[in-house]
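Hi everyone, thanks for coming.

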Amino acid sequence: MLPEPDPQLCQALADDLREAGYASAALRDVWGAQADDAVARGLRRPAQRALGERTDALAVLGRLWGLGFAVDRADAETALPSLGVDGAAALGLVRAEGDEVAPAVLVRPQAFADDEGEVEWWIASDLDEAALEGPLPEDHVLGVGGASQTLARLQLTRRGGTALDLGTGCGIQALRLRRLVDHVVATDISERALRFTRLNALLNGVDGIETRRGSLFEPVAGETFDRVASNPPFVITPRVEGVPSYEYRDGGMEGDALVAAVITGVGENLSPGGVAQSLGNWEYRWGQTGLDRVRGWVGSEMDAWVIEREVLDPLAYAELWVRDGGTVPGTPAYAALIDAWLDDFARRGVTGVGFGYVLLRRPLAGAPTLARYERVAGGGEAAFGPHLAACLAAHDRAALMDDDDLASAVLKVSPDVTEARHHRPGEEDPSVIELRQGGGFARTIEVDPALAALVGACDGDLAVGVLVDAIAQLLEVDAVELRADVLPRVRELLVTGFVSFADA
């Protein structure tokens with residue numbers, strides 16, 4: 001078990017890391033961009049080769065905690081003048097064995113930027129399968145992986161008083177949320193994960209994060225929060241003997257029941273207007289799509305925006321997660337695990353597994369106004385959080401408007417939107433007109449000449465109704481009928497971010 005982190009030792013470690021210049025950009029410069037990209041894919045040797053025989057503090061710490069290789073004790077003592085090897089061992093970060101110091105965990109720099117500015121933290125987590133050179137232990141605490149980064153990029157930038165990080169793991173979401181709220185409660189079923197969370201908070205000088213152990217919402221029963229973030233252990237794993245169950249990814253329930261429990265239960269812990277954002281997998285079964293299953297879990301009392309990014313067939317899903325655990329293809333163990341996954345899916349009639357994002361909100365008053373369940377494959381995730389925030393704000397404003405109010409509104413086309421017209425050879429009029437987003441989810445939608453003309457004229461000057469009347473006259477169609485046709489589609493354009501209110 002990881003020791004309970006000592007605040008003074010954490011401060012000494014932070015001083016040493018800072019003095020060594022132990023940062024993501026510095027490491028990338030030291031071992032090169034190509035090796036740095038290889039590290040992200042679990043390949044350590046290119047970076048190790050690039051470090052060569054260097055014994056400066058940055059190289060030693062990069063070798064020890066960035067890559068997970070043992071180093072000479074004398075070099076480690078020099079690189080850690082405040083903490084020392086004994087202090088690092090007391091924190092559970094290394095194992096000192098004679099003249100050699102071996103890593104017990106990874107401590108990697110993690111840089112990002114948000115509305116509050118640029119930040120770089122040091123994040124401690126368990127040794128990965130590359131450092132272990134084999135399968136992960138079942139109590140493994142994951143570092144900042146792809147799913148963690150995705151959820152972080154999805155987070156709305158709205159501020160609040162309190163937040164809940166459900167299934168905190170190494171604590172990266174709690175650290176992010178703390179920048180937006182005064183107090184974060186971070187929960188996990190794993191005491192090891194909670195100790196990593198406390199260690200990372202102390203190492204980075206972040207207060208206001210409280211850790212509690214327990215399953216799902218039990219540790220916060222009766223409490224409400226302005227924000228909830230959850231990267232739950234959503235991987236669908238057979239509950240049979242011989243199949244490893246990793247705490248960081250497997251929730252211990254059959255099929256997608258863990259994700260269902262998070263979605264159905266989070267409303268009780270949201271304050272009015274509070275927002276919950278999470279990742280998840282959901283099953284496709286004979287006669288029922290994954291999004292329909294999620295719709296049933298959400299119910300009718302919450303605002304919901306559910307975005308499915310991809311769907312994997314059962315075999316591809318099984319291969320993904322068997323490899324993730326470190327079992328090598330081509331071995332008897334690999335084949336046995338694949339069979340276990342496929343048998344489990346067959347018992348429930350599973351035809352595919354969806355992955356996506358869930359945003360839920362408790363309405364401030366009255367009935368929910370938002371119920372979007374969609375498949376969106378495009379977009380650059382770096383802009384998802386601000387994009388979602390802007391789209392939600394536009395939806396909320398438009399939801400309070402009747403058609404007359406919307407006709408009186410002044411809109412502007414978003415700066416990332418372009419138009420493409422496709423013509424058949426020899427024809428003057430386009431056969432297809434498309435509007436395309438350069439940011440957000442990079443949507444492409446087909447529009448007719450009337451809507452294309454309206455969007456093109458939305459420059460923040462004239463009201464929608466005035467523009468529709470002018471377009472009706474130009475196209476020689478009835479203005480009332482055109483309004484009835486166009487205004488619902490204008491609402492959709494607002495929610496998806498193609499246009500915005502001019503005064504927003």
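Let's begin with a pocket: by class, the lining of the second largest pocket has twelve nonpolar, three polar and six charged residues. Here Ala, Val, Leu, Ile, Met, Phe, Trp, Tyr, Cys and Pro count as nonpolar, Asp, Glu, Lys and Arg as charged, and the others, Gly among them, as polar.

Before going further, please keep in mind that this is a predicted model, where local features need pLDDT of at least 70, side-chain atom pairs count only at pLDDT 80 or more, and totals for chains, interfaces and linings use all residues. Residues are numbered from 1 along each chain as its sequence is written, and side-chain values use heavy atoms, with hydrogens and water left out.

Back to our pocket. The second largest pocket is lined by 21 residues, and Asp-303, Arg-361, Leu-364, Thr-369 and Asp-396 lie nearest its centre. A pocket, on a 1 Å grid over the protein atoms alone, is an open set of points where a 1.4 Å probe fits, with protein on both sides within 12 Å along at least five of seven lines; lining residues have an atom within 4 Å of a point.

Now for the cores. Which residues touch the most other members of the largest nonpolar core? They are Leu-13, Leu-17 and Trp-65, out of 62 residues. Helix α5 (residues 57-67) gives the most to this core, with seven residues. Such a core is a set of buried Ala, Val, Leu, Ile, Met, Phe, Trp, Tyr and Cys residues joined through side-chain atoms within 4.5 Å; buried means under 20% relative accessible area, with a 1.4 Å probe and protein chains only. Setting aside neighbours within four places in sequence, Leu-17 is in contact (heavy atoms within 4.5 Å) with Tyr-22, Leu-61, Trp-65, Val-107, Trp-122 and Leu-203. A second, separate core has 61 residues, including Leu-154 and Trp-305.

One last stop: helix α20 (residues 479-496), where we find Val-486. Is Val-486 buried or exposed? Val-486 counts as buried because its relative accessibility is 2%. Beyond residues up to four places away in sequence, Val-486 touches Leu-451, Leu-454 and Val-468.

Terms used: Buried < 20%, exposed > 50% of the residue type's maximum accessible area, 1.4 Å probe, protein only. Helix = DSSP H or I, 4+ residues; strand = E, 2+ residues; numbered from the N terminus.
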